[in-house]
Amino acid sequence: AAVQTISSTPFDDQQVGTAGLRKQVRVFQQPHYLENFIQSVFDTHPGFEDSTLVVGGDGRYHNDVAIQTLLAMAAARGIARVIVGKNGLLSTPAASHLIRKHDAHGGFVLSASHNPAGPDGDFGIKFSVRGGGQAPSTLTDAIYARSRAITAYQRLDVPPIDLGQVGETRLGGMTVQIVDSTQDYADLMETQFDFDAIRSLLDSGFQFAFDAMHAVTGPYARELFVHRLGAPESVLRNAVPQSDFGGGHPDPNLVYAAELADEVVTRQALDFAAASDGDGDRNMILGRGLFVSPGDSLAVIAANTRCMPGHRDGIAGAARSMPTSRALDAVAARQGFEAHETPTGWKFFCNLLDAGRIHVCGEESFGTGSDHVREKDGLWAVLAWLNLLASRPGQSVADIMLDHWSTYGRHYYERHDYEGLKAEDAEAVMDALRQQLSQLPGQQFDALTVTAADEFAYVDPIDGSQAKGQGLRVIFGDTARIVLRKSGTGTSGATLRLYLEWLREDQWELRLPTQEVLTPLALIADRLCRLKVITGRDQPSLVT
Ligand code: VG1
Ligand code: CO
């Protein structure tokens with residue numbers, strides 16, 4: 001087959017956000033749009049010749065088309081081998097694992113994560129580098145610059161190939177290896193957790209369910225829970241990946257996984273349940289009668305790694321993104337491991353993980369993970385909880401949480417999202433708070449005194465790289481915090497995220513309704529940033 005050189009003109013919007021390039025499907029369907037981006041990656045990131053590339057996606061609408069484009073371009077690029085998930089499916093953490101396992105030079109994950117799919121939904125592409133982490137900002141900036149100057153791309157003139165058969169085929173000079181990544185992924189999980197203990201727990205009458213939200217984790221969950229841990233098929237919900245995610249919003253939280261939440265939290269029908277997002281990197285943890293806030297889940301896992309074979313010797317350190325609750329810091333302080341605070345987005349954890357400085361990390365946005373891969377990992381978190389429950393016979397999720405809060409205090413936490421705002425309104429709200437930051441320290445609001453207020457900036461302790469403008473924070477000592485930042489994953493309008501956190505330590509304060517604790521803080525936040533006045537919204541679009 002012949003290499004075709006196709007001339008093209010640049011698009012000016014191919015700067016990646018918090019996690020890859022994410023746009024409406026119809027943007028990706030424009031002629032040359034995806035091709036320009038892929039070519040910009042190839043042009044910017046040398047070393048692909050004679051190397052391996054990993055490719056897969058969350059199965060959403062346009063996944064198959066995009067993968068065939070990628071393969072034809074990879075073949076023209078002279079890449080020796082491409083490893084593709086069967087049927088084009090790879091969860092984000094499974095892709096990270098494959099990149100590491102095969103020492104691939106990089107990988108593409110086609111996903112818009114928890115955003116809805118279908119012709120009117122979203123699509124996305126994330127590029128990962130050797131080691132399995134998402135491209136750092138220095139690289140994505142270079143890709144962006146290249147995308148604004150590109151004049152042509154190359155592809156091999158070949159018909160689409162069948163992605164349904166495991167095995168090897170040739171595409172020009174390139175080998176295409178189609179793999180069933182569920183085996184590799186489950187093997188990795190067996191090295192991290194005590195499967196015998198979890199098997200006994202699941203066999204003891206423990207009632208459990210996992211909701212894949214019609215997205216990519218279904219086949220992985222079946223391999224783990226049914227085939228390897230002996231649970232009945234009925235523990236799986238919505239476990240067949242669909243290109244439109246069943247018309248839903250594959251975001252595991254109390255609003256979008258409402259049915260499961262109702263069953264477990266309200267009706268208290270199960271001991272434990274969990275859900276994952278579109279590309280399998282997020283998790284929601286529910287116990288009979290309660291929702292475990294992601295920041296709490298991270299803290300509990302970090303406090304209890306010694307029961308998990310992958311971290312039997314404890315951890316050197318842990319990290320959280322800046323807006324994530326400081327529940328983790330309380331554990332680090334008492335147990336004596338390093339705690340790091342990074343900007344939002346998993347790529348900021350990767351240097352710390354590579355250097356062995358941290359072993360566990362997480363974000364408030366339902367992301368938790370460890371050094372086993374370089375992405376957050378939904379099923380890893382679910383197995384971590386099952387391992388923990390198995391190590392404490394007779395204790396419920398609620399018992400474990402109460403025990404944790406009694407020791408470390410409880411960081412009540414909420415995130416308020418204001419979606420679909422006008423860009424200038426979102427900016428005006430940020431400005432309203434930004435302008436006051438320097439005058440805030442020392443000021444008193446109700447019982448709280450501001451001890452610090454700033455715009456978060458980060459210097460990576462490993463390579464010295466800097467990230468500025470990572471969100472505004474108003475800190476009231478160790479007691480409370482207000483954080484405000486603009487989302488970097490939306491595809492229309494602007495989204496503001498307001499994060500509220502309040503620590504309560506007295507025994508009687510450990511089981512209050514979250515909203516009751518945080519409402520005064522929300523009022524203070526609104527006084528400071530005048531969000532309601534500026535945007536005309538009297539409530540958030542979503543509270544998680
Ligand atoms: C959001 C979350 C962030 C997460 C990112 C990607 O980003 O807040 O914590 O890392 O999504 O997650 P933002 O910029 O919209 O707040 V995923 O599951 O989309 O790969
Ligand atoms: Co995701």
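Colleague: How many disulfides does a search of the whole structure find?

Modeller: A search of the whole structure finds 0 disulfides, and please keep in mind that this is a predicted model.

Colleague: Are Cys-307 and Cys-361 buried or exposed?

Modeller: Cys-307 is buried, with a relative accessible area of 18%, and Cys-361 is buried as well, with a value of 0%; the cut-off for calling a residue buried is under 20%.

Colleague: Switching to the metal, what coordinates the cobalt ion (ligand 2)?

Modeller: The cobalt ion (ligand 2) is coordinated by Ser-113 through OG and by Asp-277, Asp-279 and Asp-281 through OD atoms, at 2.0 to 2.1 Å. Along the sequence, the spacing of these donor residues reads S-x163-D-x1-D-x1-D.

Colleague: Where do Ser-113 and Asp-281 lie?

Modeller: Ser-113 is in the loop between strand S5 (106–110) and strand S6 (122–129), while Asp-281 is in the loop between strand S12 (272–276) and strand S13 (283–287), so this pair ties together parts that are 168 residues apart in sequence. Both Ser-113 and Asp-281 are buried.

Colleague: You mentioned S5 and S6, so what is the order of strands in the open sheet?

Modeller: The open sheet is formed by 7 strands in the order S2-S6-S5-S3-S4-S9-S8, with mixed pairing. Its edge strands are strand S2 (21–24) and strand S8 (167–171), each of which pairs on one side only. On average, neighbouring strands of this sheet are turned by 20° against each other, with direction ignored.

Colleague: In what sense do S2 and S6 pair?

Modeller: S2 and S6 pair in the antiparallel sense, over 4 bridges, and Leu-21 stands opposite Ile-125 in S6.

Colleague: Last topic, helices: at what angle do H10 and H13 cross?

Modeller: The axes of helix H10 (residues 294–303) and helix H13 (residues 378–391) cross at roughly 55° and come within 11 Å, which makes H10 oblique to H13. The crossing of H10 and H13 is left-handed.

Key
Residues are numbered from 1 along each chain as its sequence is written. Chains are lettered from A and ligands numbered from 1 in the order in which they are written. This is a predicted model: local features need pLDDT of at least 70, side-chain atom pairs count only at pLDDT 80 or more; totals for chains, interfaces and linings use all residues. Side-chain values use heavy atoms; hydrogens and water are left out. Donors are N, O and S atoms within 2.8 Å of the metal (3.2 Å for Na, K and Ca); water is not among the atoms, so sites may look incomplete. Helices (H or I, at least four residues) and strands (E, at least two) are DSSP runs, numbered from the N terminus. Buried means under 20% relative accessible area, exposed over 50%, partly exposed in between (1.4 Å probe, protein chains only). Two strands pair if DSSP finds at least two bridges between them. Axes are lines fitted to C-alpha atoms, for helices over the stretch in contact, and angles run from 0 to 180 degrees between N-to-C directions. A disulfide is a pair of cysteine sulfur atoms within 2.5 Å. Angles under 35 degrees count as roughly parallel, over 145 as roughly antiparallel, 65 to 115 as roughly perpendicular and the rest as oblique. A crossing is left-handed if the near helix is turned anticlockwise from the far one by less than a right angle, and right-handed if clockwise.
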